[in-house]
Amino acid sequence: MSLTLSKNKTLLKDLIYEEVDGKPIYYKNYKLVIKGKKTTEEVMASSSLQVRLKSELSYYLNKTLREKGYIVLVSEVGIKLRKGGSRSLDLAIYKFEDYEPYKNSSYYLPISPIVAIEIDIKAEIKKQNFMDYVIRKIEDLFEMETLKVIWIFTSPKIILVANKNGEWFIKNWEDEINVINDVNIKLKEILGGS
């Protein structure tokens with residue numbers, strides 16, 4: 001019995017997605033892993049559409065922003081919160097000069113991006129707390145000096161754009177979204193019209 005308990009504690013630690021206020025936030029469906037009905041990889045993995053969005057956005061934004069002095073990091077970028085804990089981001093845009101001192105670090109970044117882009121929600125949350133989770137994560141990023149959060153939802157196909165200056169709005173995938181400075185995206189175009 002103690003071996004199983006020890007194994008479950010290790011598994012639970014591996015299934016932590018973020019940590020806020022000293023409490024872990026687990027990957028969605030983590031309980032199915034504990035019960036042996038799903039693998040760790042199954043709950044951590046992204047869907048085909050999510051991966052495509054990350055890949056295409058990363059490619060387009062890196063190509064467009066690199067010459068302007070920015071770098072776009074992708075794939076669960078871990079950042080440490082000032083008040084303790086951590087958040088994970090799908091895409092993070094940094095000024096290269098801010099990121100450079102940490103580029104070879106084996107730890108979470110102690111600085112937040114200028115712009116964060118999230119795709120769906122990978123955290124296990126209660127349905128009634130869906131927007132509470134989104135708003136709290138955005139507020140945590142704003143507290144860390146992030147200026148804009150773009151949250152892409154694949155179902156329904158909408159985009160929440162939150163600016164630190166207080167302007168928040170919802171857009172469709174067909175709409176043009178300003179990412180940073182004069183760089184805009186249209187998801188439908190980036191994905192080849194699909």
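## Salt bridges

Lys-103 and Glu-100 form a salt bridge in which the closest N and O atoms are 3.6 Å apart, where a salt bridge means a side-chain nitrogen of Lys or Arg within 4 Å of a carboxyl oxygen of Asp or Glu. Lys-103 counts as partly exposed because its relative accessibility is 39%, and Glu-100 is likewise partly exposed, with a relative accessible area of 38%; in these terms, buried means under 20% relative accessible area, exposed means over 50%, and partly exposed lies in between, using a 1.4 Å probe and protein chains only. Other salt bridges share partners, and in this way Glu-18, Asp-21, Lys-83, Arg-87, Glu-118, Arg-136, Lys-137, Asp-140 and Glu-143 are joined into one network. The structure holds 17 salt bridges. Side chains of opposite charge can pair when their charged atoms come close.

This is a predicted model, in which local features need pLDDT of at least 70 and side-chain atom pairs count only at pLDDT 80 or more, while totals for chains, interfaces and linings use all residues. Residues are numbered from 1 along each chain as its sequence is written, and side-chain values use heavy atoms, with hydrogens and water left out.

Glu-76 forms a salt bridge with Lys-122, and their closest N and O atoms are 3.5 Å apart. This pair links distant parts of the chain, since Glu-76 lies in strand β3 (residues 70-80) and Lys-122 in the loop between β5 (115-119) and α6, 46 residues apart. Helices (H or I, at least four residues) and strands (E, at least two) are DSSP runs, numbered from the N terminus. Glu-76 is partly exposed because its relative accessible area is 23%, whereas Lys-122, at 10% relative accessibility, counts as buried.

Glu-145 forms a salt bridge with Arg-82, again with the closest N and O atoms 3.5 Å apart. Here too distant parts of the chain are linked, with Glu-145 in the loop between α6 and β6 (148-154) and Arg-82 in the loop between β3 and β4 (86-95), 63 residues apart. Glu-145 is partly exposed, with a relative accessible area of 45%, while Arg-82 is exposed, with a relative accessible area of 55%.

## A nonpolar surface patch

Phe-130, Met-131, Ile-135 and Trp-168 make a nonpolar surface patch of about 320 Å². Patches are made of residues with over 30% relative accessible area and no salt bridge, with like charges joined within 9 Å and nonpolar side chains (Val, Leu, Ile, Met, Phe, Trp, Tyr) within 5 Å. Helix α6 (residues 130-143) supplies the largest share of the patch, 3 residues. Phe-130 is found in this helix, and Phe-130 counts as partly exposed because its relative accessibility is 33%.

Ile-180 has Val-183 in β10 as its bridge partner. The two strands form a hairpin with 2 residues between them, and Asn-181 in the turn has a positive phi of about 50°.

## The whole protein

The protein has 7 helices and 10 strands, and 42% of its 194 residues count as buried. Its C-alpha atoms fill a box of roughly 60 × 40 × 30 Å, taken along the principal axes.

Terms used:
Accessible areas come from the Shrake-Rupley method with a 1.4 Å probe; for residues, only the protein chains shown count as cover. Two strands pair if DSSP finds at least two bridges between them.
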